[in-house]
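Have the sequence and the 3D view open as you read.

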Amino acid sequence: MKFIRFLLFILIITTTIIPQIRFKHYPGYSVSQAQIKELEGSQLRETMLLNGKWQVYSEKDKERNKSSVMVPSVYDGQDELVFEKKFTLSKELLDRKLFQLNFLGVNYSADISVNNSVIFRHTGGAFPFSIMLPKDLLKPGADANALRIHIIPRGDERNTIPLSHGYLFPSEFAGIFRDVYITMLPNVAVQRYTVTTEAAMPGRAKLHVEANILNRSFSSLDSAVSTGYELRVSAIPFNSNASEVVSTLSFDVRKGKEKDIQLNMEIASPSLWTPDAPSLYKIKLEILHNGTIIDDVYKNTAVYQLKGTPGGLSLNNQPFALRGVTYVPAFESYGVMMTYEQMRQDMLLIKETGFNTVRFTKAVPHPYMLQLCAQYGLIAFIDMPIEHVPASLLSDNLFFNNAKNFYNQCVSAYGNESAVAAIGLGSGFSGVDEGDIFFITQMSEIIHQRSKKMTYEGFLPQTITTEVPGVDLYGVETIGVEITDLVTVYARMEAKVGRGKTFLMGAGYWANEESSNGYANPNTFEAQAKFFNDILDYADEKQMPAVFLHTMFDYRTDYTSMVGKYNDKNLLLLGIASEERGTDRTAYKLVYAALHNLQKITVPIGVKKDKSPFVFILFGLGLALLIGVLINSGRKFREDAVRALVRPYNFFADVRDLRIFSAVQSLVLGALVSSVLALLTESYIYFFRQNETVEKLALATTSDTLMGLLSFLAWNPTPALLILTCVFFIMLAIIAGLIRVAATGVINKVYYSSSFYVVVWAFIPVLLLTPFGIVLYRILVPQTANAYIYGASILFTAWIAMRVLKGAYVIYDTTAARVYIFGFAIILLFLGTISAYLQYYYMALDFVFHAFREFRLGL
C-alpha cells in the first residue's frame, strides 16, 4: 500500500498539467473591531474591514475572468494572481479623513494599486505593514474605489527571505493570509510612533516616546491650522494601585508637512511587568487643538527591562532565568494562516505549560500573538527567518539589500511590541568568517538604532572564539544531539563569551519512531521526554540563564523531510504537544511537571530494539541463494563468470567476436547485479535517514521530487529495495545504450546486445559484495570505520567504471586511452552541466559547500 501511495505521490508532483488553483480559508472566519483595537486602539479613529469576498484573476489573463475568493486565504503554487476589492467612501469622509491601509500579512511580494494606480510595492515578507492611501486617487460614491493586490509568489528562489526550501521551515503558501483593513485618521494625526521603556532604577521607570505627526488639513471643511497643537502622552495603569502619569508637549506643524516629536517621561513607583504578574499600562497619545482632542491612539504596553549581566540575565534588576519554548506559528495544512482563537489557545497553552518565554522561529508572528504574550506573561523572542545562508549569498548586493529592507520592515512592525525583548539575527552563522560577521554587524545596527531590543544569534558552535560586535546573546541550537555533546559545546561557548551572554537557543529531539516500551529506544516519544527532562534538570542544576526547548507543537514543511520521516502530511514530529494541540504525550507531562515543580512521572527504560531492518537479511540471503543457483546453472556460465572477473579483456574480446552467450542468463545476472546495488544503496540511505547534512545537500537542488523520493526510500526499505532494483536495471540498460550510440564513431560494428553484455558482465564483481550488503547497515551504525567504508566504496565504483570503459574499448576495437579519455570526459561533462545548471539557477554548489562547512564546524 505504501508503494502504491508513493507512486501516486510521484505522479502528482511531476505532472506538467497545471491544475486549477485551490484556495484555503477558514469557514466562518471572523474578526471583531475589538480584536483589531487590541493591536492598536483609538476612540476617535474608525476602521473599515476589507475581509470577506474578493474577486481574483490571473495576472496573465488579459480577459480578466474573475472568480470569488475569501480573504484571508492562501493558495499553493507560483501563479501570480490579482485580488480586487471595491469599497465605498463618502465625500465628507474624503474631506475630513486620511486613510491608512493596513495589511497584517501577505505572501510573498505584492504590487498594491488604487483605482488603477500603483501606490506601493511590498518587496516581500509576512510581517505587517501599513501605507497611506493618496487622497487624490480616491473617489466618493458607492463602490467607487477599487483596491487591487497583485500577489507575486517567490520568483528568485535564493534572494527571498526566508530562503526557498529552507531547512525544516513550515509550509508556505501565497495569498493575503491575514486581515486587511483601512484606518480612518483625522487630517492632523499621529502617523506612527514608538514607545520604549526602561526600568533601570529602583522605584522608577522611564518612558521615551517618538511620534511622527502629519498635517493634511487642506479642506475648507477642516478647522485645523498649523499652530497651537499639543501632544499629550498618558501612561494609564491597569493596576488601580499605581498612578496615571501624563506629560504634554506643544508643537506646530505646517499644512502639508510632517513633524517628528520626542517626549520623555518618568513613572514613579511603576507597576512593573513580570511573567508572574503581567501588569500593563495603556500608553495613550492624543493630539489636542484649542483643548479639543482631534486624534488619539493607544497601545497596551508592558513596562519592564530584561538585560544581560556578567552572571546571567536580570528582569527589573532582579536575577531571572528564561525557561522558554520555540514556537513555529503555523497550523495544520493552512501554514502560517491562523484564526484569533487558535492564536489565543496556543499562547495560553504555552503559558499554562509553565514557560515564561516563547521564541517565534522560522516565521514571523501575527501581532495579536505578541499582545497575548504581554497579557499572559510571556517574554517574546522573534527570529529573523534567515538560516544556513552561504557566505557567497551574504556578500551578494541584492540579497544584502533585501535583508536590510526586511530587517527594517520587521523592526517597524514589531519594535513597538513591548512583549518583544529580543530580536534574533538568524542562525547557522560563523563567528570567524568576515562576511558573516559583517552581515551580522550591519543587521544588528538596524535593530539597535531603531529599537532598544536585545539581539541574539545562533552560531556554528565551533566558530565562536570571541564576541561579535552588535550581538548581545549567543545561542546554541541543536536537534537530535546527545545531551553530553550539547553540554560540552555550551560550556565551550560560555567560556568564550561569558555566562551572561550564552543561552541554549533551542534543544530539539526527533520522535520519528513514535511510541515504544521505554526511552532506551532512540527517537521515540519516551526518549524525547527523557531528553527534555534532562535538559531542564541540567539547566536548573547549572543555573543556566536561558533555555528554550524545541518545539511546542509538531508542524508541517513544504517538502517531504527525510530526517523528519516520510509521511503523507510532511509532518515533523518535534513537538512537546501534537499538531492537534494534544497534551497526552509523555514529553508534555514531564515538562509540565518540571516547570511546576510537581512530582514527575516515571518513564521506563524499556528494552532496546534492534533497528536493523530484517528485510536486509532476507533480501541478501535470497540474493545469495539465487546467485548460487545461477552459478550452478551450467559449466559455461561458471567459466564465463571467472573470465569476466579475473580476465575481463579476454571475456570482452569474446563478446566483440560474437561468441555465444545466453541472453537469459545475462538478463538474470543483470537483475541480480541491480539487486545487490539496491541492497548496498538502501543500506546507505537508511543509515543516513536522520542525517541533517544529507538533507541539506538534497535541498540544495530545490527539488521536491528528489526530497520525496529520498524520504520514501529512507523510511520504507522493503519497497525501496524493489524500486532501486528496477532503477539500477534501467541504469544498466541506459549505459549499454550510450555505449551503442557512441559506437557510431568506430569502424567495428557493435550491436546493442554486445553493449548490454559488456555492461552487465563488467558489473559482476558487485555480486561479491552480497554478504557485505547484508551487514553493511550494522557496520555503519557504530561509526568506527565509516571513513574507510566510504573510501572503499568510491574506489570500488571507480574500478567498475574502468571495467565498463575497458569493455567498451575492446568491443570498439580501438585504443584504451581514446575510450578512457572520451568516457571520463563525457562523465565530467554530464556532471559539470548538471552542476552548472543548478548553480546558475539555484546557487546549489554554494549551498552544498555551506552544508559541508556546517558539518565540519557544527556539533
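Two strands are said to pair if DSSP finds at least two bridges between them, and the strands themselves are DSSP runs of E with at least two residues, numbered from the N terminus, just as helices are runs of H or I with at least four. With that in hand, look at strand 9 (residues 109–114) and strand 10 (residues 117–122), which run antiparallel and are joined by five bridges. One of these pairs Ser-113 with Val-118 in strand 10. The two strands form a hairpin with two residues between them, and Asn-115 in the turn has a positive phi of about 50 degrees.

Before going further, a word on the source. This is a predicted model, in which local features need pLDDT of at least 70 and side-chain atom pairs count only at pLDDT 80 or more, while totals for chains, interfaces and linings use all residues. Residues are numbered from 1 along each chain as its sequence is written, and side-chain values use heavy atoms, with hydrogens and water left out.

Now step back to the whole protein. Its secondary structure comes to 23 helices and 34 strands, and its C-alpha atoms fill a box of roughly 110 × 70 × 50 Å along the principal axes. Of the 859 residues, 55% are buried, where buried means under 20% relative accessible area, exposed means over 50%, and partly exposed is in between (1.4 Å probe, protein chains only). Contact here means heavy atoms within 4.5 Å. Among contacts between residues at least 6 apart in sequence, 74% join residues at least 24 apart.

Next, find the open sheet of three strands with the order 22-23-24 and antiparallel pairing. Strand 22 (306–309) and strand 24 (318–320) stand at the edges with a single partner strand each, so one side of each has no neighbour in the sheet. From one strand to the next, the twist averages 45 degrees; angles run from 0 to 180 degrees between N-to-C directions, and axes are lines fitted to C-alpha atoms, for helices over the stretch in contact. Strand 23 (residues 312–315) is joined to strand 24 by three bridges, and Ser-314 has Pro-319 in strand 24 as its bridge partner.

The loops of this sheet deserve a look too. Gly-311 lies in the loop between strand 22 and strand 23, and counts as exposed because its relative accessibility is 53%. Its C-alpha atom is 9.8 Å from that of Gln-543, a residue 232 places away along the chain. In the loop between strand 23 and strand 24 you will find Asn-317, which counts as partly exposed at 32% relative accessibility. What does Asn-317 contact, leaving aside its neighbours within four places in sequence? The partners are Ala-199, Ala-200, Met-201, Pro-202 and Lys-307. The C-alpha atoms of Asn-317 and Pro-202 are separated by 7.8 Å, although the two are 115 residues apart along the chain.

Some backbone details are worth checking in your viewer. Most residues other than glycine have a negative phi, and most peptide bonds are trans. Asn-317 has a positive phi, near 70 degrees, and Glu-332 has one of about 45 degrees. Glu-332 sits in the loop between strand 25 (322–327) and helix 4. A cis peptide bond joins Val-71 and Pro-72, with omega about 5 degrees, and another joins Ile-161 and Pro-162, with omega about -5 degrees.

Finally, the helices. Helix 4 (residues 340–353) packs against helix 11 (residues 586–595) at about 60 degrees, with their axes 8 Å apart. That angle makes helix 4 oblique to helix 11; under 35 degrees counts as roughly parallel, over 145 as roughly antiparallel, 65 to 115 as roughly perpendicular, and the rest as oblique. Leu-349, Glu-352 and Thr-353 of helix 4 meet Tyr-588, Val-591, Tyr-592 and Leu-595 of helix 11 in this contact.

The axes of helix 19 (residues 752–762) and helix 21 (residues 786–812) come within 9 Å and cross at roughly 150 degrees, which means that helix 19 is roughly antiparallel to helix 21. From helix 19, the contact uses Ser-755, Val-758, Trp-761 and Ala-762. Helix 21 contributes Ile-800, Arg-803, Val-804, Gly-807, Ala-808 and Ile-811.
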